[in-house]
Amino acid sequence: MRRLPRGEIVAVPDVTLNNGATMPQLGFGVFQVADDEAERAVTAALETGYRSIDTARIYQNERGTGRALRGSGIAREDLFVTTKLWNDDQGYDSALRAFDASLERLGLDYVDLYLIHWPAAARNLYLDTWRAFEKLYADGRAKAIGVSNFTVEALTKVVDEGEVVPAVNQIELHPYLQQEELRALDARYGVHTEAWSPLGQGQGLLSDPALAPIAEAHGRTPAQVVLRWHLQLGNVVIPKSVTPSRIAENFDVFGFELTEPEIAAIAAMDSGTRLGPDPATFS
Ligand code: NDP
């Protein structure tokens, strides 16, 4: 629970994953944040009320993130920590080793969610990697396991050939890339969709003229409108900011509802534009 400057008291809603675990629908991401800065930003996020933090081995800030988590005084069971396995650690044994190293850097004895960062299909190792993830899950060291950037083909393979259905597919998703097909497939398989770059990385998307009237109608900012849109679609979101005022702004997204016509206006912004690599070819 958290009292916002406007006075309302909010609790971030949880989503229930396919294994019964719960995950806050709004979390905080630390991509492109240096280790020391991650410690400061995660501390600010936790003070604001965020409880879910999304890092990755490749971000090189698991140590700073872990320092902030451990230094916060917040009980471990009240935190939700995600990290991800990088492509060059794919494979059964190497994934188990990479997980140990991530836990060591975080200074934790389990993570709430461990993700395969990219399918890296050309390496043809994601099914072996998934078997290692299933072991980490069975051992209770990852409370939930999932994938990121998995395409229709890769997700279907893991669902068909794995023992455990991924809890989450974390994909690039914002008004310019709405991922209707993948979201529908995730839903069909019982995989929760989590949006990365939910704000489209800031500037370009947030100054789109389509958002301004909606923001004005609610007395909110374009960023708050975009995050509200995700939440109403059911997506998990993990906006990133190192700016304290934006960390607070991005958390203040619960006291209003977008109308159907506003949702439709945002749906019309989809241009299929990717900011990141194409998961079908990225290795
Ligand atoms: P976001 O869509 O969260 O946008 C972050 C950018 O927007 C930053 O430049 C930030 O600036 C700016 N910003 C944040 N809030 C506001 C605001 N209220 N008003 C204006 N500008 C704002 O992009 P990310 O790419 O960081 O994605 C979020 C998270 O998703 C990552 O941190 C990471 O955890 C995850 N991710 C996962 C990927 C994957 O492959 N699985 C790939 C990419 C991201 P500033 O910080 O200067 O305030």
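The largest pocket is lined by 35 residues. Phe 31, Gln 32, Ser 197, Gln 201 and Lys 240 lie nearest its centre. A pocket here is an open set of points on a 1 Å grid over the protein atoms alone, with protein on both sides within 12 Å along at least five of seven lines; lining residues have an atom within 4 Å of a point. The model is predicted: local features need pLDDT of at least 70, side-chain atom pairs count only at pLDDT 80 or more, and totals for chains, interfaces and linings use all residues. Residues are numbered from 1 along each chain as its sequence is written, and side-chain values use heavy atoms, with hydrogens and water left out.

**Pocket**
- The largest pocket holds about 830 Å³ of space; volume means the space filled by probe spheres set on grid points, which are joined across faces, edges and corners.
- Its lining has 16 nonpolar, 15 polar and four charged residues (nonpolar: Ala, Val, Leu, Ile, Met, Phe, Trp, Tyr, Cys and Pro; charged: Asp, Glu, Lys and Arg; polar: the others, Gly among them).
- α7 (203-206) and α10 (244-251) each supply at least two lining residues; helices are DSSP runs of H or I, at least four residues, numbered from the N terminus.
- α10 gives the largest share of that lining, three residues.

**Ligand**
- The ligand sits in the largest pocket; this requires more than half of its atoms within 2 Å of the pocket's grid points.
- The shell around the ligand has 29 residues, the closest being Asp 54, Ser 197, Lys 240, Ser 241 and Thr 243 (a heavy atom within 4 Å).
- Twelve of the shell residues are nonpolar, twelve polar and five charged.
- α10 gives the most to this shell, with three residues.

**Polar contacts and burial**
- A polar side-chain atom of Gln 170 is 2.8 Å from a ligand nitrogen; polar contacts are pairs of N or O atoms within 3.5 Å.
- A polar backbone atom of Val 30 lies 3.2 Å from a ligand oxygen.
- For Tyr 59, a side-chain N or O atom lies 3.4 Å from a ligand nitrogen.
- Alone, the ligand exposes 900 Å², and the protein buries 88% of that (Shrake-Rupley method, 1.4 Å probe).

**Cavity**
- The whole structure has one cavity of 30 Å³ or more; in a cavity, a 1.4 Å probe fits but cannot get out.
- Its lining includes Asn 149, Trp 196 and Arg 274.

How values were computed: A polar contact is a pair of N or O atoms within 3.5 Å; within protein, one must be able to donate a hydrogen and the other to accept it, and residues adjacent in sequence count only if both atoms are side-chain atoms.
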